Amino acid sequence: MITNRNILTLDEFTIQQLRGLPAATGELSTLLRDIGLAAKRVNVEVNKAGLVDILGDYGSVNVQGEDVKKLDIFANNQFMGVLKHGISCAGISSEELDEFVVFDDEVSNQSKYVVQFDPLDGSGNIDVNISIGTIFSVYRRVSTLGKPCTKEDFLQPGNAQVAAGYVIYGSSTMLVYATRRGVNGFTLDPSIGEFSLSHPNIQCPASGKTYSVNHGHFFRYEKGVQQYINACQKKDTTDGGPYTQRYIGSMVADVHRNLLKGGIFMYPGTTDKPNGKLRLLYECNPFAFIVEMAGGRATNGKQRIMDIQPTDLHQRTPMFIGSKDMMDELDTYLNNQ
Ligand code: AHG
């Protein structure tokens, strides 16, 4: 097979992008390359999940009180391992771990970044062969360089993110990441084992016709959310058709689709769980950064997701995210209550 040399690989693209920045030391590109490597390893296991005994519950319950699948553990160890052995990360926190992990060695203590990740989001879908994903965000540490990183490094608001991204293990495997310079998507080319730039400069359409929400919880949502969902069901879009409801139950897949095609994704609070289900640090902040960098918006219904000051590594928040015009319209319903 002849490789198309006009298509940049993830490493080539990242190095080219960051080389233009005067203050860049190359640490961020190394970090993103490490994440790409872990993603490739996880991808191999996800692809054979139906074939080997790795499929299924690990038999424990994670800090969120949810069943932990074997692949969650595998993915967690891959991302943690690759970042620990790299040269750009001072420590991590993960949705799978109660506490953050400090890579307390000479090289890591000199690293200026910490990484937060959800190693395998949507893992409830593994057994039924539906797309799942990894979500990550990168922060510049606020603690003293040369010393071990601290909890403050992990409790920064989303607006301090330097980069964020996700990997979707789907009909093809893609890595999408955002920096303040834009959002770019890379598709894994299995013939050469490289992520190759396939979706340059992703822009979230200002509007769309897809709304994504768990309808099963409808009567537990607040009035404004119910009214907005009702309005979505009555909509006629500019091209004459009604809105479409699409909800996979795997946020990476739902938000990925809406990011590319336009749409809104909602995980509101409910009467029994006012903060909803999604985690601020591992799911909401990274997606808020990516979607905002692509021109969309993300809120908790009251304030911008990225302005929330985290107080707990595992706190949850209601989440509304997507195309700007659809988010603006949602606000009119939520503000009317
Ligand atoms: P999990 O990783 O435990 O499978 O959770 C997935 C998240 C998110 O990806 C998805 O959008 C949401 O939970 C679905 O939750 P509901 O089933 O409650 O709608």
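Q: Which residue in S7 stands opposite Ile135?
A: This is a predicted model, with local features needing pLDDT of at least 70 and side-chain atom pairs counting only at pLDDT 80 or more, while totals for chains, interfaces and linings use all residues. Residues are numbered from 1 along each chain as its sequence is written, and side-chain values use heavy atoms, without hydrogens and water. Strands (E, at least two residues) are DSSP runs, numbered from the N terminus. S6 (residues 132–140) pairs with S7, and the residue opposite Ile135 is Tyr166.

Q: In what sense do S6 and S7 pair, and over how many bridges?
A: Two strands pair if DSSP finds at least two bridges between them. For S6 and S7 the sense is antiparallel, and the count is eight bridges.

Q: What is the bridge partner of Tyr169 in S8?
A: S7 and S8 (residues 173–179) pair in the antiparallel sense, over seven bridges. They form a hairpin with three residues between them. In S8, Tyr169 has as its bridge partner Thr173.

Q: Why is S7 largely enclosed by the rest of the structure?
A: Buried means under 20% relative accessible area, exposed over 50%, partly exposed in between (1.4 Å probe, protein chains only). S7 spans residues 161–169, and it is largely enclosed because its buried residues number nine of the nine.

Q: What percentage of the protein chain's residues count as buried?
A: The secondary structure of the chain comes to nine helices (H or I, at least four residues) and 15 strands. Of its 337 residues, the share that counts as buried is 55%.
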